[in-house]
Amino acid sequence: MQKFSDVLLTLDSADEVRRIELYHEDGKPAGVIENKPGSQGSIKVYHHLYKMYGAITLDAAVEGLALYAEHTEDAENCPGKHPNVDRLIEVLEEEEPLQIKVITN
């Protein structure tokens, strides 16, 4: 299995992203990922999914969970430990895509 740190090296830079806002289909907020230490990997993953899919669709969630590598199994075993991974799992379980708004510098 590829490691998350190795996966991040394959993704485009997301340095210009200040935060990513996520919304349910009805417009209600579903979360925010700030570009700060501890969540910069998630910024890269979600920004990549945004560029590829335009939203967190079911297909995007599947790809995102693969990108999170070892963190996906850890999130499944320890719910709440990796909220940005948990969100992708929830998209699959609920079959409810999330809309993305990318805020840049």
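Visitor: In what order do the four strands of the open sheet lie?

Guide: The model discussed here is predicted. Its edge strands are β2 (29-34) and β3 (55-56), each of which pairs on one side only. The pairing in this open sheet is antiparallel, and the order of the strands is β2-β1-β4-β3.

Visitor: How many bridges join β1 to β4?

Guide: Strand β1 covers residues 17-23 and strand β4 covers residues 98-104. The two run antiparallel, and Val17 stands opposite Thr104 in β4. The number of bridges that join β1 to β4 is six.

Visitor: Which residue in the hairpin of β1 and β2 takes a positive phi?

Guide: Strands β1 and β2 run antiparallel and are joined by five bridges. Leu22 stands opposite Gly31 in β2. The hairpin has five residues between the strands, and the residue with a positive phi, near 95°, is Gly27.

Visitor: Which helix lies across β1, β2, β3 and β4?

Guide: The helix in question runs at about 150° to β2. Asn84 has its place in this helix, α5.

Visitor: Is Asn84 buried or exposed?

Guide: Leaving aside neighbours within four places in sequence, Asn84 is in contact with Ile33, Ser42, Tyr46 and Tyr68. A residue counts as buried under 20% relative accessible area. The value for Asn84 is 14%, and therefore Asn84 is buried.

Visitor: How are α4 and α5 oriented to each other?

Guide: Two packed helices are described by the angle between their axes and the distance between the axes. For α4 and α5, the axes are 9 Å apart and the angle is about 80°. Angles of 65 to 115 degrees count as roughly perpendicular. The helices α4 and α5 are therefore roughly perpendicular.

Visitor: How many charged residues does the contact of α4 with α5 have?

Guide: On the side of α4, His71, Thr72, Ala75 and Glu76 take part, and they meet Val85, Asp86 and Ile89 in α5. By class, this contact has three nonpolar and two polar residues, and the number of charged residues is two.

Visitor: Which residues form the one aromatic pair found in the whole structure?

Guide: A search of the whole structure finds one aromatic pair. The rings are 5.2 Å apart centre to centre, with 20° between the planes, and the pair is stacked. One partner lies in helix α1 (residues 4-10) and the other in the loop between α3 (58-67) and α4 (70-77), 64 residues apart. The two residues are Phe4 and Tyr68.

Visitor: What distance separates the C-alpha atoms of Val7 and Tyr68?

Guide: Val7 is found in helix α1 and counts as buried at 4% relative accessibility. Not counting residues up to four places away in sequence, Val7 touches Gln2 and Leu67. Val7 and Tyr68 are 61 residues apart along the chain, and the separation of their C-alpha atoms is 7.8 Å.

Key. Residues numbered from 1 in each chain as written. Predicted model: local features only at pLDDT ≥ 70, side-chain atom pairs only at ≥ 80, totals over all residues. Heavy atoms only, no water. Pairing = 2+ DSSP bridges. Contact = heavy atoms within 4.5 Å. Axes fitted to C-alpha atoms, helices over the stretch in contact; angles between N-to-C directions. Buried < 20%, exposed > 50% of the residue type's maximum accessible area, 1.4 Å probe, protein only. Phe/Tyr/Trp six-rings, centres within 6.5 Å; stacked < 30°, edge-to-face > 60°. Parallel < 35°, antiparallel > 145°, perpendicular 65-115°, else oblique. Nonpolar A, V, L, I, M, F, W, Y, C, P; charged D, E, K, R; others polar.
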